[in-house]
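I opened the model to look up one residue and its surroundings. Notes follow in the order I worked.

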Amino acid sequence: QKSITIIGYLMTDDKYIKQMFEMIKSNPEIGKLNIKFIFDRPEDKQVLGKKYPSIKKIVRELWGTDQNFPKIYSYKKENSSLHAKAVIVDSKEILITSANMSGRALQRNLEMGIHHVGKSAKDAEDLISRLIREDLFERV
């Protein structure tokens, strides 16, 4: 209804991620949603056994031009990584997981996570907003 925040370390451009993007883009309220992608280094090419485009390029290609483009943020702290993986929806629901945004994580790996509805989701969204204001994440 209002927002989707996706936090992660890496993303591939395989069919499973394409399906996830199509699900998000099919929301009839897509034009009203505040969508944020927060990743470790979204402008860098990814090397995961094989080379993948940057997360920013993947988002651009999978998002297309028919909807408002989501905000993409990069983690700025030197000599450190953003390794968290979470999805926050409407500051009401949060999924915290070990899974990266890749087909391998979604189809082959044994991953774990927890889904919670309530104040924890709002607290997490508030934390992300504060870290953006404090310039720990940079919009790219």
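Entry 1. I checked the accessibility of T5 first: its relative accessibility is 0%, so I count T5 as buried, the cut-off for buried being under 20%. I keep in mind that this is a predicted model.

Entry 2. I looked up where T5 sits in the fold. T5 belongs to strand β1, which covers residues 3-8.

Entry 3. I then listed what T5 touches. Leaving out residues up to four places away in sequence, I found K36, I38, A86, V87, I88, E125 and I128. For E125 I also noted a polar contact, side chain to side chain with T5, at 3.0 Å.

Entry 4. I traced the sheet next. I read an open sheet of 7 strands with mixed pairing, in the order β8-β7-β6-β1-β2-β5-β9. At its edges I found β8 (113-117) and β9 (137-139), each of which pairs on one side only.

Entry 5. I followed the pairing of β8. Strand β7 (residues 93-97) pairs with β8 in the antiparallel sense, over 5 bridges. I looked up I94 as an example and found H116 as its bridge partner in β8.

Entry 6. I ended with the helix that packs on the sheet, which is α4, residues 119-133. I listed the strands that α4 touches as β1, β2 (34-39), β5 (71-75), β6 (86-89), β7, β8 and β9. The direction of α4 makes about 70° with that of β2.

Note on methods: Residues are numbered from 1 along each chain as its sequence is written. This is a predicted model: local features need pLDDT of at least 70, side-chain atom pairs count only at pLDDT 80 or more; totals for chains, interfaces and linings use all residues. Side-chain values use heavy atoms; hydrogens and water are left out. Helices (H or I, at least four residues) and strands (E, at least two) are DSSP runs, numbered from the N terminus. Buried means under 20% relative accessible area, exposed over 50%, partly exposed in between (1.4 Å probe, protein chains only). A polar contact is a pair of N or O atoms within 3.5 Å; within protein, one must be able to donate a hydrogen and the other to accept it, and residues adjacent in sequence count only if both atoms are side-chain atoms. Contact means heavy atoms within 4.5 Å. Two strands pair if DSSP finds at least two bridges between them. Axes are lines fitted to C-alpha atoms, for helices over the stretch in contact, and angles run from 0 to 180 degrees between N-to-C directions.
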